[in-house]
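Please open the structure in your viewer and keep the selection tool at hand. We will go through it step by step, picking a few residues at a time.

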Amino acid sequence: KYSQGPRAFSEDELLALLDVAEKWRLLYLLLALTGLRHREAKELCWGDVHFGEKPMLRLRAEATKSARADTIPLNSTLARELEAHRPAYWKPEMRVFRKGVALNSTLKRDLEKARIPLIDEYGRPVGFHTFRRTFVTLGQNLGVAPRVVQQLARHRKSELTDWTYTDTTKLDTHGAVERMGAFLN
């Protein structure tokens with residue numbers, strides 16, 4: 001039996017959701033590629049977003065769950081999309097999502113449009129925290145060092161990253177076993 005709680009999206013599911021999510025595409029992409037929590041995305045201001053050679057988010061302590069300031073590197077594609085979304089007359093205190101962020105009902109409608117089941121075969125629901133779990137699982141699947149994934153997820157303990165946030169049903173366990181036996185060939 002797998003742990004209850006939010007699951008990760010597969011890469012195909014995430015792409016399908018991004019394809020149908022017109023209004024909230026940027027939000028979903030931000031959540032999936034930064035591991036931000038829903039409330040943290042809601043609190044994100046343009047002064048927190050830094051573009052340039054190494055784009056990043058500098059999260060304010062009052063805007064994070066842990067109440068500590070953090071820095072998160074930004075994927076270059078996401079940074080370009082954020083920069084294109086920024087209004088010409090922005091101010092540092094202006095929210096990135098000025099009219100707020102999508103509600104659970106909106107996410108549910110977008111998931112239905114993308115034909116992503118709201119509950120997977122293990123009985124785990126999809127919700128906004130699924131994006132955070134997707135971020136961690138994607139890093140694990142791509143071979144990012146576990147300590148780096150932990151740092152990017154802003155977890156103090158590796159057990160939280162490994163046991164709660166890594167969706168093992170999305171990991172290539174079969175491929176790993178095949179690679180481990182490659183010396184037999």
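How many residues lie between β1 and β2 in their hairpin, and which residue in the turn has a positive phi? Keep in mind, as you look, that this is a predicted model. Select residues 49-50, which are strand β1, and then residues 56-59, which are strand β2, and you will have two strands that pair in the antiparallel sense over two bridges. Five residues separate them in the hairpin, and the turn holds Gly 52, whose phi is positive, at about 125°.

Now select Met 56 in β2, and you will find that His 50 stands opposite this residue.

Next, turn to the largest nonpolar core, which has 38 residues, and select Leu 17, Leu 27, Tyr 28, Leu 30, Leu 57, Leu 82 and Phe 131, the residues that touch the most other members. Two or more residues of this core come from each of α1 (11-20), α2 (25-34), β2, α4 (76-85) and α5 (104-113), and the largest share, seven residues, is given by α2.

Stay with Leu 30 and show what surrounds this residue: beyond its neighbours within four places in sequence, Leu 30 is in contact with Gly 35, Leu 36, Ala 41, Leu 44, Leu 57, Leu 78, Leu 82 and Phe 97.

For the last stop, select Phe 135, Val 136, Ala 153 and Tyr 165, which are among the five residues of another core that lies apart from the largest one.

Notes:
Residues are numbered from 1 along each chain as its sequence is written. This is a predicted model: local features need pLDDT of at least 70, side-chain atom pairs count only at pLDDT 80 or more; totals for chains, interfaces and linings use all residues. Side-chain values use heavy atoms; hydrogens and water are left out. Two strands pair if DSSP finds at least two bridges between them. Helices (H or I, at least four residues) and strands (E, at least two) are DSSP runs, numbered from the N terminus. A nonpolar core is a set of buried Ala, Val, Leu, Ile, Met, Phe, Trp, Tyr and Cys residues joined through side-chain atoms within 4.5 Å. Buried means under 20% relative accessible area, exposed over 50%, partly exposed in between (1.4 Å probe, protein chains only). Contact means heavy atoms within 4.5 Å.
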